[in-house]
Amino acid sequence: MNELSRIVVSGEVRTAVERGDPVVALESTVLAHGLPRPRNLEVGHLLEMDVRDGGALPATIGVISGMPTIGLASGELGQLATADGVMRLSTRDLPVAVARRADGATTAAATMWLASRCGINVFATGGIGGVHRGSGWDVSSDLAELGRTSMIVVCAGPKAILDVAATREALQTQGVLVAGWRTDTMPCFYGTCDDLAVDVRVDTATEAAALWCAHGDLGTPGALLLCVPAPAEHVISSEEIEPVIQRALERAESEGVQNKNVTPFLLRAVAEATGGRSLEANVALLRQNARIAAAVATELTC
Ligand code: PSU
Ligand code: MN
């Protein structure tokens, strides 16, 4: 059995990878579990369009009837965005969905892992997972995956619902190179965390691509995490967002929300409490990241 026999790669994506044409991976958990319906499906299509407009081929990744699929067809994207009971899969969960022939949406971690198996090296998402607040040792597997998988991950930094300072430290421990897109400090999703320095600042897609090629030439492990601040008009100040996050955390605690339900619960609670402003910010930053990822992918010469 060859290494990729359990992974379906769409014809379009396979051809592009073979030719060395620019490809950008997109995840499906943000669609299935991170955004409300029917907006989620619309955003899924918009992100693919943004990548195409940027001159690259989008490859949205998910699991359909037990088949990890790179480059979901439009109907498959719709299935993951609208069906009930779609699994939420990190890398460790992929064998479960495959063995059960289930449908599943892939988190940043699982998407990176599958994309890298297929020769894709750029991935765009929203806010990455990280160290949750409190003393419960809830640390997203995104961090471990970022530490071991070589990939340019274009994101808006860690989600604001997390312990962002601890997440910054954990990225360092994992050996992840954190780059700031036109910024010296790490953005935190729609929130701000002005005091957390990035490892390196890049101002252009060409600079990001040069960093990536040097990383590849040396064979240093892990991701290049390119952190892009949310569009300025969508940033929500700490004074405003912190009490909202605190109340969401208290609700999660009192309702006994655990494990992989924590992040979707908190995102939903914050969106409700901000009258949808955090949701608009999330969509705007996702689209911006898709466009920047496409720009970086088209600049790769290695
Ligand atoms: N970015 C968003 N919304 C999301 C996510 C990222 O803007 O819903 C998802 C990603 O799939 C990421 C996951 O991998 O949240 C992290 O979840 P957890 O904390 O359970 O590891
Ligand atoms: Mn978790």
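User: How far is an oxygen atom of ligand 1 from an N or O atom in the side chain of Glu27?
Analyst: In this predicted model, that distance is 2.7 Å.

User: OK, and what about Asp142 and Lys159?
Analyst: The side chain of Asp142 has an N or O atom 2.7 Å from an oxygen atom of ligand 1. For Lys159, a polar side-chain atom lies 2.9 Å from an oxygen atom of the ligand.

User: How much of ligand 1 does the protein bury?
Analyst: The protein buries 94% of the 480 Å² that ligand 1 exposes when taken alone.

User: Which elements give two or more residues to the shell around it?
Analyst: Those are α2 (29-34) and α11 (262-273). The largest share comes from α2, with 3 residues.

User: How many residues surround ligand 1 altogether, and which are the closest?
Analyst: There are 19 around ligand 1, and the closest are Glu27, Ser140, Asp142, Thr263 and Asn282.

User: How do the shell residues divide into nonpolar, polar and charged?
Analyst: You get 4 nonpolar, 11 polar and 4 charged residues in the shell around ligand 1.

User: Which pocket is the space taken by ligand 1?
Analyst: Ligand 1 takes up the largest pocket.

User: Why does ligand 1 lie between domain 1 and domain 2?
Analyst: Because both domain 1 (1-120) and domain 2 (124-302) give residues to the shell around ligand 1.

User: Switching topic: what kind of peptide bond joins Arg37 and Pro38?
Analyst: That one is cis, with omega at about 0°. Most peptide bonds are trans.

User: And where does Pro38 lie?
Analyst: Pro38 is in the loop that runs between α2 and α3 (39-53).

User: One more backbone thing: is the phi of Ser65 positive or negative?
Analyst: Positive, at about 45°, even though Ser65 is not a glycine. Most residues other than glycine have a negative phi.

User: Where do I look for Ser65?
Analyst: Look in the loop between β3 (57-64) and β4 (67-70).

Key
Residues numbered from 1 in each chain as written. Chains lettered and ligands numbered in written order. Predicted model: local features only at pLDDT ≥ 70, side-chain atom pairs only at ≥ 80, totals over all residues. Heavy atoms only, no water. Near = heavy atom within 4 Å. Polar contact = N/O pair within 3.5 Å; in protein donor to acceptor, adjacent residues only side chain to side chain. Areas by Shrake-Rupley, 256 points an atom, 1.4 Å probe, with all protein chains shown as cover. 1 Å grid on protein atoms, 1.4 Å probe; cavity = no way out; pocket = protein on both sides within 12 Å on 5 of 7 lines; lining within 4 Å. Sits in = over half its atoms within 2 Å of the grid points. Helix = DSSP H or I, 4+ residues; strand = E, 2+ residues; numbered from the N terminus. Nonpolar A, V, L, I, M, F, W, Y, C, P; charged D, E, K, R; others polar. Domains from an automatic or database assignment.
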